[in-house]
Amino acid sequence: VQLVESGGGLVQAGGSLRLSCTASGFTFDDGVGWFRQVSGKEREGLSCISSKDGSTYYAESVKGRFTISNNNAKTTVYLQMNSLKPEDTAIYYCAACSDYSGNYYYTPLGKGTLVTVSS
């Protein structure tokens with residue numbers, strides 16, 4: 001059983017990156033998403049996708065710029081990030097996500113991948 005996050009890196013403002021969260025030995029059966037964290041700040045939940053019906057959620061800060069998706073095998077979740085801004089710089093974590101009355105909660109699954117956006 002293994003989970004690997006990839007796709008982080010350094011990009012200029014306005015650029016794009018695609019993060020991947022790939023499971024080996026298991027499939028995603030429920031909500032999977034992404035949150036990010038900057039050292040010294042609280043984590044910020046970004047997006048969640050239901051493995052059951054494909055419904056998605058986006059935080060206001062990324063709505064219209066980020067797109068979450070998964071593969072048919074439900075082993076990989078992607079986060080396509082466009083129009084990146086310097087304030088998007090953070091460590092991005094793949095996470096199990098749950099919706100409770102419109103509030104989303106994230107439990108990290110991986111070790112995170114660093115995204116740095118230069119101005």
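Q: How many aromatic pairs are there by the ring rule?
A: The count comes to 5 aromatic pairs, where rings of Phe, Tyr and Trp (its six-membered ring) pair if their centres lie within 6.5 Å, with planes under 30 degrees apart called stacked, over 60 edge-to-face and the rest tilted. This is a predicted model, in which local features need pLDDT of at least 70 and side-chain atom pairs count only at pLDDT 80 or more, while totals for chains, interfaces and linings use all residues. Residues are numbered from 1 along each chain as its sequence is written, and side-chain values use heavy atoms, with hydrogens and water left out.

Q: What about Phe26 and Phe28, how are their rings arranged?
A: Their ring centres are 5.7 Å apart and the planes stand at 90°, so the pair is edge-to-face.

Q: Is Phe28 buried or exposed?
A: Phe28 is buried, at 4% relative accessible area, whereas Phe26 counts as partly exposed at 28%. Buried here means under 20% relative accessible area, exposed means over 50%, and partly exposed is in between (1.4 Å probe, protein chains only).

Q: Which residues form an aromatic cluster?
A: Phe35, Tyr93 and Tyr106 form one aromatic cluster.

Q: Switching to the core, which residues have the most contacts inside the largest one?
A: Those are Trp34, Phe66, Leu79, Met81 and Tyr92, in a nonpolar core of 25 residues. Such a core is a set of buried Ala, Val, Leu, Ile, Met, Phe, Trp, Tyr and Cys residues joined through side-chain atoms within 4.5 Å.

Q: And which elements give two or more residues to it?
A: They are β3 (17-24), β4 (31-37), β5 (44-50), β7 (66-70), β8 (76-81), β9 (90-100) and β11 (113-118), and the largest share, 4 residues, comes from β3. Strands (E, at least two residues) and helices (H or I, at least four) are DSSP runs, numbered from the N terminus. Apart from this core lies another one, of 6 residues, among them Cys48, Tyr93, Ala95 and Tyr106.

Q: What does Tyr92 touch?
A: Leaving out residues up to four places away in sequence, the contacts of Tyr92 include Trp34, Phe66, Leu79 and Met81, and also Glu5, Gly112 and Thr113. A contact means heavy atoms within 4.5 Å.

Q: Where is Thr113, then?
A: Thr113 sits in strand β11 and is buried, with a relative accessible area of 10%. With the same exclusion of residues up to four places away, Thr113 touches Glu5, Ser6, Gly7, Gly8, Leu19, Ala90, Ile91 and Tyr92.

Q: What does the side chain of Thr113 reach?
A: The side chain of Thr113 reaches the backbone nitrogen of Gly8 at 3.2 Å.

Q: Zooming out, how many helices and strands are in the chain?
A: The chain has 0 helices and 11 strands. Among its contacts with a separation of 6 or more, 53% are between residues 24 or more positions apart.

Q: Which loop holds Lys74, and what is its phi?
A: Lys74 lies in the loop between β7 and β8, with a positive phi of about 60° although it is not a glycine. Most residues other than glycine have a negative phi. Ser101, in the loop between β9 and β10 (103-108), also has a positive phi, near 55°.

Q: Is Ser101 buried or exposed?
A: Ser101 is exposed, with a relative accessible area of 78%, while Lys74 counts as partly exposed at 32%.

Definitions and conventions
A polar contact is a pair of N or O atoms within 3.5 Å; within protein, one must be able to donate a hydrogen and the other to accept it, and residues adjacent in sequence count only if both atoms are side-chain atoms.
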